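Trainee: I would like to learn how to read a few features from a structure. Can we go through one together?

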Amino acid sequence: MAVILDGKALALEIRAQIKTTVGKLVEKYHVVPHLAVILIGEDPASQSYVKGKEAACQKAGIKSTVIQKPVTISEAELLTIIAELNADTAVHGILLQLPIPKHLDPDKIIALIDKHKDVDGFTPENVAALTNGRPRLVPCTPLGIIKLLKKYEIPIAGKHCVIIGRSTIVGKPMAALLLKENGTITICHTKTTNLPAITNQADILVVATGQPKMINGTHVKDGAVVIDVGISKIDGVICGDVDYESVYPKSAFITPVPGGVGPLTIACLLENCIKCYQTFMEGNHD
Ligand code: NAD
């Protein structure tokens, strides 16, 4: 019987700790941590994610401001907004909700966010720090996964960690974090040949493809740890990239969808936000 990795419970634990920390920090500095979120367009999924982030901030005692802009926003206007938020000493964290419209270059825009306010850990400076093994602000989803593995005392050192997906949001930072924990890393993607032969070697399998239920029992060796990052809907029902029914009996540990990785992403966003705030308050930014 697999152990179900309860991301929801761990996220609540982290969020309670953050709330306590925020209370103490506000008492000390008399300044409320403030996250600014830039939301472009009317995409319902993005709107719903932003609502979730706002609610989580509010519960933790963090102020959040959503800057909502139409899908037609120009690059120049967006860059001006980011420059203003960078300069605003009352804003400690900046989040650009992705995806952004096709006429805007996300790499160019993200690169202009102040690295000390980069709550997503996506700026080139923070990506480089992670790649160099000295993480500062780290992307929230892979950070949450490491916390979950540690919470359940799942060893990473020396284990073969197979990651399916090479996005800059999940797959690549996941690889860097697992490598930092001394895992042996394989990254698979759409051009990988004979995927099952590789996934069957995985002690820890992280699946982040956005392809609902693409990984089934035949892809997984007995006793594997299976982390499902995917969030999709089939007939209106939320599911992950892993076919839970066939993988559960073979795995030693598995994340459910929902209730696994998702809640930890938000908890880690709050944590990053507080990290930005503390760096600012302590004057530790270079
Ligand atoms: P993405 O589309 O940017 O990247 C998907 C990756 O999967 C690509 O690198 C691609 O090469 C790989 N891939 C796709 N199909 C494949 C296949 N058949 N075989 C091998 N590799 C394949 O996606 P992303 O932003 O990394 O997100 C992946 C999934 O995770 C999505 O469902 C997304 O909604 C979800 N997600 C969840 C959270 C969370 O908090 N739970 C956070 C971020 C993303």
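Mentor: We will take the sheet, then a helix residue, then a surface patch. Keep in mind that this is a predicted model.

Trainee: In what order do the six strands of the open sheet run, and in which sense do they pair?

Mentor: The order is β1-β11-β8-β7-β5-β6, and the pairing is parallel. An edge strand pairs on one side only; here the edges are β1 (3–4) and β6 (184–188).

Trainee: How many bridges join β5 and β7?

Mentor: Four bridges, in the parallel sense, join β5 (residues 160–164) to β7 (residues 204–207). Within that pair, C161 stands opposite I204 of β7. Helix α7 (residues 171–180) packs on the sheet and touches β5, β6 and β7. The direction of α7 makes about 170° with that of β5.

Trainee: Now the helix residue. Is S46 buried or exposed?

Mentor: Buried means under 20% relative accessible area. S46 has 4% relative accessibility, so S46 counts as buried. S46 belongs to helix α2 (residues 44–60). Leaving aside residues up to four places away in sequence, S46 touches L39, Q97, L98 and P99.

Trainee: Which residues make the nonpolar surface patch?

Mentor: Y49, I231 and I238 make the patch, with an area of about 280 Å². I238 sits in strand β10 (residues 237–239).

Note on methods
Residues are numbered from 1 along each chain as its sequence is written. This is a predicted model: local features need pLDDT of at least 70, side-chain atom pairs count only at pLDDT 80 or more; totals for chains, interfaces and linings use all residues. Side-chain values use heavy atoms; hydrogens and water are left out. Patches are made of residues with over 30% relative accessible area and no salt bridge: like charges are joined within 9 Å, nonpolar side chains (Val, Leu, Ile, Met, Phe, Trp, Tyr) within 5 Å. Accessible areas come from the Shrake-Rupley method with a 1.4 Å probe; for residues, only the protein chains shown count as cover. A salt bridge is a side-chain nitrogen of Lys or Arg within 4 Å of a carboxyl oxygen of Asp or Glu. Helices (H or I, at least four residues) and strands (E, at least two) are DSSP runs, numbered from the N terminus. Two strands pair if DSSP finds at least two bridges between them. Contact means heavy atoms within 4.5 Å. Axes are lines fitted to C-alpha atoms, for helices over the stretch in contact, and angles run from 0 to 180 degrees between N-to-C directions. Buried means under 20% relative accessible area, exposed over 50%, partly exposed in between (1.4 Å probe, protein chains only).
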